[in-house]
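Colleague: I would like to learn how to read a model of a protein with a ligand. Could you take me through the features one at a time?

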Amino acid sequence: MSNLCNLDGAILPEQEATVPVLDRSFLFGDSIYEVVRTIDGVPFAWAEHWRRLELSADSLAMPLDLDERTVARRVADTLAAVDHGESYVRIIVSRGTGLAPNIDVDNAPGPQRWVLLVRPITQTFGKPARLALVPRRRNDRRALDPASKSGNYLNNVLGLAEAKAAGATDCVMLNSDGFVTEASTSNLFARLDGTWCTPPLEAGILAGITRGLLLQFLPQVGERVAERDLRAEDLLRAEELFLSSTLRDIGPVTHLDGRALCDGDNGGPHTRRIAPLFAAHIRERMRTVDAPRWRELTT
Ligand SMILES: Cc1ncc(COP(=O)(O)O)c(C=O)c1O
């Protein structure tokens, strides 16, 4: 069966869903998005993802024209129509179809276009990565702020391509001041002198939901954490590195610029210890926090 999607409230096979050529997401990347995963068929950390969607909308001066309950119901209806296991749900909000192929937002009277892509999750959790520090810089915060999850990911597309050309599976981009930011679609943690360090939001990164959960969770299992500026040299001397994202949870970094950081694909001893603890923590939070909230929102 083909993957299903939801186009402005209508559930249909992906191949049958089309977007007009004057859609501003197509023309200018003038859109925002979120990626949510399900656990037992229910979106995990929905409240956090919805909040970030609102922040992305604010940063593009594009107030959302649907409310949370309406979108949650569309997500629930679409999830109910699929016949696979756990899902990846991509929520895309385009500023809508323009009156002309012209960048001026005055040419975008609305309504917004809301697309939900729902696909089965293929095994991504704990996926190992080989990283390369690439020449491409992360977008400056004063330009298109990396904190906005906009549909304009071309810089990351190109950063990832540079990493692949160097034989790696993902990139690390520095900012224009030479500080570490993140990978193409994941945040980065480095263990330095026994502390898990991750770049601060001020470095110009996406405020990852998984990153935020980890900052709270790691101290609960006896790990020290710090948000601090990192240089490439810090990564090169790190005891362990991992990536965090909704679709990875904790993904061990096995190589940096071709140099092995650990034996095998499961990361160093600290990564191997915390990854299953974090997975259990997420399931528990799902049971006690997210599932009841979702029921309340969608019934
Ligand atoms: C640039 C970037 N950084 C970090 C992340 C991880 O964020 P989250 O943990 O919310 O999935 C993503 C996810 O897509 C991303 O695109």
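Predicted model: local features only at pLDDT ≥ 70, side-chain atom pairs only at ≥ 80, totals over all residues.

Colleague: How many residues surround the ligand, and which are the closest?

Modeller: The ligand is surrounded by 14 residues, and the closest are Leu206, Gly208, Ile209, Thr210 and Thr246. Two elements give two or more residues to this shell: helix 5 (209–220) and strand 13 (240–245). Helix 5 has the largest share, with three residues.

Colleague: Next, the domains. Into which domains is the protein chain divided?

Modeller: The division is into domain 1 (4–120) and domain 2 (129–283). Taken over C-alpha atoms, the centres of domain 1 and domain 2 are separated by 26 Å. The contact between them takes 20 residues from domain 1 and 12 residues from domain 2.

Colleague: Which elements give two or more residues to the side of domain 1 that touches domain 2?

Modeller: They are strand 3 (31–39), helix 2 (46–59) and strand 5 (87–94). Strand 3 gives the most, eight residues. By class, that side of domain 1 has 10 nonpolar, six polar and four charged residues.

Colleague: Now the sheet. How do strands of a sheet pair?

Modeller: Strands pair through backbone hydrogen bonds, and the pairing is either parallel or antiparallel. Here six strands form an open sheet with antiparallel pairing, in the order 2-1-6-5-3-4.

Colleague: Which strands stand at the edges?

Modeller: Strand 2 (10–13) and strand 4 (42–43) do. Each has a single partner strand, so one side of each is left without a neighbour in the sheet.

Colleague: How many bridges join strand 3 and strand 5?

Modeller: Strand 3 and strand 5 pair over seven bridges, in the antiparallel sense. As an example, Val35 has Arg90 in strand 5 as its bridge partner. Strand 5 also pairs with strand 6 (residues 113–120), antiparallel and over eight bridges. There, Ile92 has Val115 in strand 6 as its bridge partner.

Colleague: What does strand 1 pair with?

Modeller: Strand 1 (residues 4–7) pairs with strand 6 in the antiparallel sense, over four bridges. Leu7 stands opposite Val115 in strand 6. Helix 3 (residues 68–81) packs on the sheet and touches strand 1, strand 2, strand 3, strand 4, strand 5 and strand 6. The direction of helix 3 makes about 35° with that of strand 6.

Colleague: Where do the side chains of a regular strand go?

Modeller: In a regular strand they alternate between the two faces of the sheet. As for burial in this model, six of the eight residues of strand 5 are buried, so strand 5 is largely enclosed by the rest of the structure.

Colleague: Finally, a single residue. Is Trp46 buried or exposed?

Modeller: The way to decide is to count neighbours: a residue is buried if 20 or more other C-beta atoms lie within 10 Å of its own. Trp46 has 24 other C-beta atoms within 10 Å, so Trp46 is buried. Its place is in helix 2.

Colleague: Which residues does Trp46 touch, not counting residues up to four places away in sequence?

Modeller: On that basis Trp46 touches Val36, Ala72, Asp290, Arg293 and Trp294. A distance can be read as well: Trp46 and Glu68 are 22 residues apart along the chain, and their C-alpha atoms are separated by 9.9 Å.

Terms used
Residues numbered from 1 in each chain as written. Near = placed C-beta within 6 Å. Domains from an automatic or database assignment. Contact = placed C-beta atoms within 7 Å. Nonpolar A, V, L, I, M, F, W, Y, C, P; charged D, E, K, R; others polar. Buried ≥ 20, exposed ≤ 12 C-beta atoms within 10 Å, placed from the backbone. Pairing = 2+ DSSP bridges. Axes fitted to C-alpha atoms, helices over the stretch in contact; angles between N-to-C directions.
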